[in-house]
Amino acid sequence: MSKITEVKRKESKLEVQTYIDRLKYAIKSGSVTINFQKDRNVDQGRNKKYTNRYTMGQLFPDEDEVEALKRELSLLTVEEYIETVKDTRFPKRSEMRVFGKQYSGDDVYIKIRVELVSIAHASGDSFIMVMSFHYSEWDFKESDFPYKKV
């Protein structure tokens, strides 16, 4: 019997924009740490094309991964938002945001969690956890994006 460990919801456009603004502020402040899961347990047995390690190597082969992620996360838009996810196994952790973006015609699935100790000024204790930055295992549909301009 499987147990549901995630609760998904759609945030309002304003909530998503506020989240993106805070994300950009944290990155720009220079005092936030980016944690990137290059290798994940769920990748074992998965087609390597859909792994963080493979995708980052293909998209940004000659770049520092953290710097590439900072830039790419800074470019996210409300139109690329898919959903918000709460992992019920970790009730004290903040929700994760899921985005979808195209790179050279390929869909990339992006899932991040931002832990800001203080919104007023992102302290050194703040971090951005990038759980997923990999080619999507399914093709995105317009209906996946609640705020996409048609």
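Y103 stands opposite D106 in β5. The model is a predicted one, in which local features need pLDDT of at least 70, side-chain atom pairs count only at pLDDT 80 or more, and totals for chains, interfaces and linings use all residues. Residues are numbered from 1 along each chain as its sequence is written, and side-chain values use heavy atoms, with hydrogens and water left out.

Strands β4 (residues 96-103) and β5 (residues 106-115) pair in the antiparallel sense over 8 bridges; two strands pair if DSSP finds at least two bridges between them. Helices (H or I, at least four residues) and strands (E, at least two) are DSSP runs, numbered from the N terminus. An open sheet is formed by 6 strands in the order β1-β3-β4-β5-β6-β2, with mixed pairing. Its edge strands, β1 (6-9) and β2, each pair on one side only. From one strand to the next, the twist averages 30°.

Angles run from 0 to 180 degrees between N-to-C directions, and axes are lines fitted to C-alpha atoms, for helices over the stretch in contact. Contact means heavy atoms within 4.5 Å.

| Helix | Lies across | Angle |
|---|---|---|
| α1 (residues 13-29) | β1, β3, β4, β5 and β6 (127-135) | about 75° to β5 |
| α2 | β2, β4, β5 and β6 | about 80° to β6 |

E83 lies in strand β3 (residues 81-87) and counts as buried because its relative accessibility is 15%. Buried means under 20% relative accessible area, exposed over 50%, and partly exposed in between (1.4 Å probe, protein chains only). Leaving aside neighbours within four places in sequence, E83 contacts K8, R9, K10, M96, R97 and V98.

R46 is found in the loop between β2 (33-36) and α2 (52-59). At 24% relative accessibility, R46 is therefore partly exposed.
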